[in-house]
Amino acid sequence: MRLSRRTFLEGVAALSIAMSVPAMAKAEELKMGLLVPGSVSEEGWNRIAYNALKGVEEQLGAKISYVELQQNPASFEKAFRDYASQGYQVILGHGFEFQDAALEVAQDYPDTHFLISSSHVHEGNVIGLDTDTSQPFYLMGVIAAKMGRKAGLVGGMEIPPIQVAFTGFKNGARSVNPDFPISEAYIGNFTDTTAAKEAALSMISAGADFVVPNASGATVGGYQAVAESGPDVRSFSIFSDYTEVAPNNILGLYVADYAQGVVEVVKAIQAGNAPTENVVFGLKDTKVMSFTFRDDGPVSVPEDIRAEVKAISDKIAAGEIKTDTAP
Amino acid sequence: MDDMMFLTFAATLVGAAWRLATPLIFASIGEVFSERAGVLNIGLEGTMLVGAFCGFAAAFATGSVPLGLIAGVAGGMAFGLIFAVFTITIKADQIVVGAALNLLGMGLTAFLFRTYYVSTGKGIEIAQPIAIPFLSDLPFFGEAFFKQNLIVYSTVLVTVLAALLLYRTSFGLTLRAVGEHPKAVDVAGRNVAAYRYGAVLIGTGLAGLGGAFLTLGHSNQFVEGITSGRGFIALAVVVFARWSPIGAFFVSMLFGLFYALQLMLQAQSSIVVPYQLLQALPYIMTIVTLVVVRGKSAAPSKLGQPYEMR
Amino acid sequence: MAQVNQGVRENVYPQATNPFLRTLAQIAISAVTPIAAVLVALGCGAVLLWLNGFNGSDVVTVMIFGSFQDVRSFGEILLKATPLILIGAGLCVAFRCSIWNIGAEGQLYVGAIAATLVGTSIDGLSVWVHVPLVMLAGALAGAAWAGIAGYLKVRFQASEIVTTIMLNYIAIIMTSYLVTGPMRDASAAYPQSARLVREAWTPRIVSDMRLHIGILVAIVLAVGLYIFLQRSSRGFALRVVGLNPHAARYAGMDVRRNVMIAICISGALAGLAGAFEVAGVTHRLYQNISPGYGFEGIAVALLANNNPLAAILSGGLFAVLRSGSEVLQITSQVPQVLVLVIQGIVILSVVAFAKFRDILRIVS
């Protein structure tokens, strides 16, 4: 069972009114730490977490700090412990790989909350936060199958956030046309923009007219390929706004405002009302996840398809369509 | 696959292979010069990163790709100068210094990128493909061979120039002699160290150009570790190519071909082999080739050894 | 392919009659270079920080002292030092024999894979059997992986520099395949192996700290390798082969055999390091089990002047730098990659100072 976000938010609202301003001011200074498995300078996975941290700083006035850990499991536990021992109340480990280390440290710091991105864990003060990217990708798949001939997906490494997204895309496309051809390739890392670009180019030359890259730092290479291949190839911007890179090709934007989601969770924790289950953000959380169409580009999605997508989106939000089940 | 599809597939493959080979061609031809003069520079990966970063930084600031390329080459050479001072003047072990420069190159570019480029927006305008009239309209292979950007085309020019320089000029002759019989060069009154400096700077300049191609001629952003091991592959290319510039061109193309094939085969949903096997293929192939060609026989005899003057 | 001018290194020590005094003098003199090198590197790091608008003195106050907050953070340093000492000490043996094994990273991965296989597939063994078994599996796998490069070198004259680099990529790709495929944890969607059974976990030294007995094993092995290199006839043979293979051959030594032994020893220690990372730290196999310990180990061996005993200290120092760079980022938001720059400069300074010392010796 997943936490219902609506009741959760209402609870938070009620509580913050009840506690009112003086009560909040009495609370000790909020400190939040972040562990990322790479550099926050690149557009992509790590930047999302950095933006979330910034959001908490701006909206909740928290003191923030982050550490870039170069995918080093041996350092995870130490970093959690460093933050926890310095009195940080909330620590976000950005990726499922932080889960084991957080569980270990959490036993010694029962008052600290450990949030883990891309995880479904919930044990005491360790709370998984997942953004269900299969949902927006399902919508992209629907559009691709309705408007295109063939789709191509370029992934970084084969890890859950990327696999889940691609599963959603395939489910969406196949809900329209069970035989819609989709090819998939992984470049095996998140740094090789050149490989991402060539993978996308080869898909396009093999007839793909919808290409969506999803490879963190290397993603931009995929958009570059789309942009160079002319307006007949379409794409969707994911996570960040890439319309500047491929202005003639991007039909719509999936924007994840992870910050909003994290801010809400941190607010609840601050109010002594931490989530009692793991949190999954989806299209139902309109502040966190949005899928929008572009109107300023030379290509756009026709009205009738937009209406259908809207209807499907509502059904997903209502839980009537499951987007992430393996086909 | 029918014939038409196969031809399209092959044409795409060749076009992609050439682009993927380009950074390898520059870096490995550069390394040929260096190694022919007896200097083994395993710091290519770090040097290429420096080239990629300097190229990006210059183009981002000025908006000019040619300036970026110049900066990439200059960055590579500046980095190569450190290598040359340590290995030629101080006569330190080449592998030790190369390993240090790899760490330095990775660390420095990542440090500066994280410090100064928190957001680079849409990045830079990269060099655009130029379609050669008529030829690029040829069916199938027209675009693969005749619609690339200038940097990709220039690999042919660089290869030819490198071969001429190495085999047809007295500079090249002396340079090769420095790697085989430095004492003879010394006796003949030529400065061994000066030739080695020249070889290293040519080598690292080209490595810097190879790195700069990644940010200026292919993707429009710098990403930490964007070279993704190409500097190490270039070392293998040199051995595989038996220290010949023309050989380096074709071996790099072969690596590019494998890399492109790997990406394209993954996208063919009918292929059931794990894609990691395809990814490992170029590396396995390098090892197999080393065994088959028995690399050592063609290696410059004084490779890796500092020269002690009389 | 490459020959090190090690004759110079070996004979720099002054002659003293008392063996104890001589040893002491040797240690003192050989310590000067690395200490000076580290100081220079920290100085350069400080300048780099200062130039880029950070607080330069942080390099010393935060990076060096900041990592010694309490017993636990000291334990964490030793935890990071474990793989570095193991790999560094092993590489000392290979480098002394003039084998340029750049492949410790891959050997570490293969060791981690083997340790995971042994640690997850067998159940019900006693700790006393399972722990050594896991370690043995890691070491053997690492040795075998390095042995491939060794065999190709002695049989086909294939440059070990190139083959070990290629074997790194192959090992890392293989790990990625295994944790997303056959070895993936069936109970979760993540690309990670199942958890090792409890009996296979490397025992901790203190129960509430992560530091495990691997550090003791690393120190014992480093001391053992030092004695092996300096006192055993095999160790002598390895060094002779490293200095001059032709002379060694002339003296009736089996060069190929010695090359194989040296590279396999270095591979075994790297494999063991991988086994400890899995069995002692993460308890699972991941795609990125090592943050580059294999490459850092090269620097550890070089800073130690290819002396396994000194590798204990240089491994410890690199662990301090690594821990410190993380503290530095948390407290001052300095990009953690600074540590790579400092490591690079340490190596360059060692090289420069060693030359400087030789020049001084010649002059005097």
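Strand β1 (residues 31-36) of chain A is largely enclosed by the rest of the structure, because five of its six residues are buried. A residue counts as buried here if 20 or more other C-beta atoms lie within 10 Å of its own. This is a predicted model.

**Strand β1 of chain A and its partners**

- β1(A) pairs with strand β2 (residues 63-68) of chain A in the parallel sense, over six bridges.
- Within this part of the chain, A:Leu35 stands opposite A:Val67, which belongs to β2(A).
- β1(A) also pairs with strand β3 (residues 90-93) of chain A, again in the parallel sense, over four bridges.
- A:Met32 has A:Val90 in β3(A) as its bridge partner.
- Strands of a sheet pair through backbone hydrogen bonds, either parallel or antiparallel.

**A three-stranded sheet in chain A**

- An open sheet of three strands in chain A has the order β8-β7-β9, with parallel pairing.
- β8 and β9 (210-214) of chain A are the edge strands, since each pairs on one side only.
- On average, neighbouring strands of this sheet are turned by 15 degrees against each other, direction ignored.
- Strand β7 (residues 151-155) of chain A runs parallel to β9(A), and five bridges join the two.
- A:Gly155 has A:Asn214 in β9(A) as its bridge partner.

**Helices across that sheet**

- Helix α6 (residues 160-176) of chain A lies across β7, β8 and β9 of chain A. α6(A) runs at about 175 degrees to β7(A).
- Another helix comes from chain B: α11 (residues 245-267) of chain B lies across β7 and β8 of chain A. α11(B) runs at about 140 degrees to β8(A).

**A helix of chain C**

- Helix α5 (residues 104-121) of chain C has 18 residues. From its first C-alpha to its last, α5(C) reaches 25 Å, close to the 26 Å expected at 1.5 Å a residue.
- Of the 18 residues of α5(C), 16 are buried, so the helix is largely enclosed by the rest of the structure.

**Contact between chains A and B**

- This contact takes 30 residues from chain A and 31 residues from chain B.
- On the side of chain A that touches chain B, β8 (182-186), α7 (193-205) and α8 (219-228) of chain A each supply at least two residues.
- α7(A) gives the most to that side, with 10 residues.
- By class, the side of chain A that touches chain B has 10 nonpolar, 14 polar and six charged residues.

**Contact between chains B and C**

- Here 45 residues come from chain B and 39 residues from chain C.
- α4 (94-116), α10 (230-240) and α12 (275-293) of chain B each supply at least two residues of the side of chain B that touches chain C.
- The most comes from α4(B), with 16 residues.
- The side of chain B that touches chain C divides into 31 nonpolar, 10 polar and four charged residues.

**Confidence in chain A**

- Chain A has a mean pLDDT of 85, and 90% of its residues reach 70 or more.
- Over residues 1-26 of chain A, pLDDT stays under 50. For these residues the model has 22 contacts beyond four places in sequence.
- Where pLDDT is low, the predicted coordinates should not be read in detail.

Methods. Residues are numbered from 1 along each chain as its sequence is written. Chains are lettered from A and ligands numbered from 1 in the order in which they are written. This is a predicted model: local features need pLDDT of at least 70, side-chain atom pairs count only at pLDDT 80 or more; totals for chains, interfaces and linings use all residues. Two residues are in contact if their C-beta atoms, placed from the backbone, lie within 7 Å. Ala, Val, Leu, Ile, Met, Phe, Trp, Tyr, Cys and Pro count as nonpolar, Asp, Glu, Lys and Arg as charged, and the others, Gly among them, as polar. The expected span of a helix is 1.5 Å times one less than its number of residues. A residue is buried if 20 or more other C-beta atoms lie within 10 Å of its own, exposed if 12 or fewer, and partly exposed in between; C-beta atoms are placed from the backbone. pLDDT is the predictor's confidence in each residue, from 0 to 100. Two strands pair if DSSP finds at least two bridges between them. Axes are lines fitted to C-alpha atoms, for helices over the stretch in contact, and angles run from 0 to 180 degrees between N-to-C directions.
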